[in-house]
Amino acid sequence: MKRLTERVHHEKTADSEEVVWVKRDDARSDSKLPIVYSREYAVRFAGLERLHPFDAAKGKHIQQFLCAELQLDDGSFYEPKELSKDQLRRIHTRGYLKSLKWSMNVACIAEVPIMAFVPNRYIQRAYLRPMRFQAAGSILAGKLALDYGWAINLGGGFHHCCSTRGGGFCPYADISLLIVRLFEQEPFRVRRIMIVDLDAHQGNGHERDFSNVAAVYILDMYNAFVYPRDHVAKESIRCAVELRNHTEDAYYLRQLRRCLMQSLAEFRPDVVVYNAGTDVLKGDPLGNLAITAEGVMERDRLVFSTFRALRIPVVMLLSGGYLKQSAGVIADSIVNLRQQGLLV
């Protein structure tokens, strides 16, 4: 991982000011909230997307909820531009990106076997292009968080993808890309980053990418009995909680409070990347935990209140969540954070 580690040490490139960032002079607009969304996020695959439990239109549903609850409109959100191949190469190897031109490889990543028989040009347009938009949204949210103190991408959080391979419906390493870009673009403001990964699954992608990188601290709470069970990647976690199946609110929130305090005692970040998967919800077919909607809202409140009290910017990514109710829970949580004065 030498190539990636070198980038963490603030390597500059000729095209360092790229289109996924908002221009500095209009980075903050009073007419917008630092919430990132594009209609291009939705995966439209002639119905094939229904073969995976992931809600392919989750971002759209959340945006609609937020517009209704907070009296917003489409102009209230920031919109990213699609990532280019050169931008993806900041993290991904040439060999990995080339492998995405084979439908069989993409089918394995997306966990939809029938995609192996679909022409790749259609996969590029219907699945990988939306994922590139979502990854760009994570990068844009990182920049906005520095200007506003917080930002939310209504997508992204592809924490199973690393620089050399994808998996678990994660074709691009948006978390790693976001972190490397922050180090490159903001070397005076961002020297230390903490990942708080509260998706139900282990975040083995970013863990592999930032192995032995002292400037990146990883807190990961996950169900130890479900995918991916990546023991090599686990060695990169500096504050870990391995949960059992059907873990409920009280134990979960108690462990989270402990881990947040422990992590801050060991490491003071300049930015926090919060991977806020809702596959922890009770009944989720892949997470197999038993957290209530109220528990998710309290989880999000704990994360935001802890770091915002210290004036540490928080970038929230949505990651996994395989129940139809996930979109409503996320929207309710964002509204609650705003009502609590944590999104101002």
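Reader: Why is Arg129 called partly exposed?

Author: Happy to start there. In this predicted model, Arg129 has a relative accessible area of 28%. Partly exposed covers values between the buried limit of under 20% and the exposed limit of over 50%, so Arg129 is partly exposed.

Reader: What makes the contact of Arg129 and Glu40 a salt bridge?

Author: The N to O distance between their side chains is 2.8 Å. The cut-off is within 4 Å for a nitrogen of Lys or Arg and a carboxyl oxygen of Asp or Glu, so the pair qualifies. Arg129 sits in helix H6 (residues 120-148), while Glu40 is in the loop between strand E1 (35-36) and helix H2 (58-70). The pair links distant parts of the chain, 89 residues apart.

Reader: Is Glu40 buried or partly exposed, and how do you know?

Author: Its relative accessible area is 29%. Buried would need under 20%, so Glu40 is partly exposed. Glu40 and Arg129 also belong to a network of salt bridges that includes Glu82 and Arg132.

Reader: What makes Asp230 count as buried?

Author: Asp230 has 7% relative accessibility. The limit is under 20%, so Asp230 is buried. Arg208, at a relative accessible area of 26%, is partly exposed.

Reader: Which bond joins the side chains of Arg208 and Asp230?

Author: They meet in a salt bridge, at 2.8 Å from N to O.

Reader: Why is the pair Lys234 and Glu242 called a salt bridge?

Author: The closest N and O atoms of Lys234 and Glu242 are 3.2 Å apart. With the cut-off at within 4 Å, the pair therefore counts. Lys234 is partly exposed at 30% relative accessibility, and Glu242 is partly exposed with a relative accessible area of 41%. By this rule the count comes to 15 salt bridges.

Reader: What is the mean pLDDT of the chain, and how many of its residues reach 70 or more?

Author: The mean pLDDT is 91, and 88% of the residues reach 70 or more. Residues 9-19 have pLDDT below 50, and this stretch has 21 contacts beyond near neighbours in sequence in the model. Residues 21-26 are also below 50, with 14 such contacts. Where pLDDT is low, predicted coordinates should not be read in detail.

How values were computed:
Residues numbered from 1 in each chain as written. Predicted model: local features only at pLDDT ≥ 70, side-chain atom pairs only at ≥ 80, totals over all residues. Heavy atoms only, no water. pLDDT = per-residue confidence, 0-100. Contact = heavy atoms within 4.5 Å. Helix = DSSP H or I, 4+ residues; strand = E, 2+ residues; numbered from the N terminus. Buried < 20%, exposed > 50% of the residue type's maximum accessible area, 1.4 Å probe, protein only.
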